[in-house]
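User: Got a model to go through with you. Can we start with the charged contacts and then move to the fold?
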Amino acid sequence: MSDHPAQPADRPVAQPDPPSLPTVPCSTAARERQDPLLGTAPPQHRFLLVEQDGGWAFAGFPALAIQEDIRDEVAARAEAAGARVMLIRRPGRHTSSVCLTRSWCVVDTRAPEGARVTWGTWAYPTELLAAVDRLEELAGTERDRSADPHRSAPAAAPGEGDDFSSLEAPEELLILVCTHGKKDPCCAVRGRPVAAALARRYPEATWECSHTGGDRFAANVVVLPDGASYGGLDVDSALTTIADHRAGRPAAAHLRGVSGWARPEQAAIVAVHDQLGPLAPGSVTPVASRSEQPTGEDVAASVVTLLLADGRCVEVPVTEHVRAAARLTCRTEAHKVSQVPVPGVVRIVEP
């Protein structure tokens, strides 16, 4: 028996007040402070994208109204496979009506060419388990390649075994625009016009998505399977940025980093594109990083070694400092500090 008295039937249980929204939206304040974009791309290089029309709760996938044990299993196994789970939907007006068949998509930015993108469909929650099976297969293949770097991992022929190769689609870019307004109003206010504009130009490639991180950099766009993460966009700059990306000229001015790398490596990748570009997406790969002794007000320092697709090897010194505490999202009242990487001059070295 409970030790607490029951609430009267006509007396609602008290709920905590939601955080008050700031007078100045977080994305506007970040622009006024000139917050640096560098090093803020998602830290995962695998993604599970689950199509779900209608409104999204603050938590995104963990609050999806499906069978709880299946939802928890998908989330736990995806996390164990190093994947980020995001909801997606087509841009435009959304309703809460139930669509019988929806898509799921597994993306691994570091998988072999031709195996980075896997599509499937789900009408029942249990069918999402096929997606996490694919994630685990990709994670296992990566472990095998790490153990034996000379081992090749070509995709099997369609229908061969149970390797999901029959679900693989041509690797057309996926353009994900964060419009997760329940997570942060700026993502909806700035993201939805960008998503609509990109959808008019690239209707098959463009999706709205849930939280990508970096709310204050809205509008945020993640391009998969390349992993490029862009921020601080409006309609005009988004159209130009995606056109340049598709043409093999990533726009360093809006490039937050490449998904799946640590903060210094992300900053180094952007520096190489900025100083030696134009270079095609995916043509700059970090291969090593060594720590250095920070000096002055820096809190960290490192030298990142990167390999270019044309065979050149480069080094980029990266220092990190802490910026003054600020309100980094609209949905939290707490002021937080951010650690910002600053890349130096790119040096070409012998491989």
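User: What does D215 form a salt bridge with?
Analyst: D215 pairs with K183, the closest N and O atoms being 3.8 Å apart. A salt bridge here is a side-chain nitrogen of Lys or Arg within 4 Å of a carboxyl oxygen of Asp or Glu.
User: Where do the two sit in the chain?
Analyst: D215 is in the loop between β6 and β7, K183 in the loop between β5 and α4. They are 32 residues apart, so the pair links distant parts of the chain. Helices (H or I, at least four residues) and strands (E, at least two) are DSSP runs, numbered from the N terminus.
User: Buried or exposed?
Analyst: Both D215 and K183 are buried. Buried means under 20% relative accessible area, exposed over 50%, partly exposed in between (1.4 Å probe, protein chains only).
User: What kind of model is this, and what gets counted?
Analyst: It is a predicted model: local features need pLDDT of at least 70, side-chain atom pairs count only at pLDDT 80 or more, and totals for chains, interfaces and linings use all residues. Residues are numbered from 1 along each chain as its sequence is written, and side-chain values use heavy atoms, with hydrogens and water left out.
User: How many salt bridges in the whole structure?
Analyst: The search finds 21. One of them joins the side chains of R77 and E136, at 2.8 Å, N to O. R77 is in helix α2 (residues 68–80) and E136 in helix α3 (residues 129–147), 59 residues apart.
User: How covered are R77 and E136?
Analyst: R77 is buried because its relative accessible area is 18%. E136 has 33%, so E136 counts as partly exposed.
User: What about R116 and E113?
Analyst: Their side chains meet in a salt bridge too, at 3.6 Å, N to O. R116 is buried at 12% relative accessible area, whereas E113 is exposed at 65%.
User: Which residues are linked in a network?
Analyst: R33, D35, R216 and R323 are linked by salt bridges.
User: On to the fold. What is the strand order in the sheet?
Analyst: The order is β4-β3-β1-β2-β6-β5-β7-β8-β9, an open sheet of nine strands with mixed pairing. The edge strands are β4 (117–122) and β9 (255–258), each pairing on one side only. The twist averages 25° from one strand to the next. Two strands pair if DSSP finds at least two bridges between them.
User: How do β8 and β9 pair?
Analyst: Antiparallel, over three bridges. S229 has G257 in β9 as its bridge partner.
User: Which strands does α4 lie across?
Analyst: Helix α4 (residues 185–201) lies across β2 (83–89), β5 (174–178), β6 and β7, and runs at about 155° to β5. Contact means heavy atoms within 4.5 Å. Axes are lines fitted to C-alpha atoms, for helices over the stretch in contact, and angles run from 0 to 180 degrees between N-to-C directions.
User: Now backbone checks. Where are the cis peptide bonds?
Analyst: One joins A218 and A219, with omega about 0°. A219 lies in the loop between β6 (206–209) and β7 (221–224). The bond from L224 to P225 is also cis, with omega near 10°. P225 is in the loop between β7 and β8 (228–230).
User: Why flag those?
Analyst: Because most peptide bonds are trans, and most residues other than glycine have a negative phi.
User: What is the phi of Q34?
Analyst: Positive, about 60°, although Q34 is not a glycine. Q34 lies in the loop between α1 (26–33) and β1 (46–51). Q34 is exposed because its relative accessible area is 65%.
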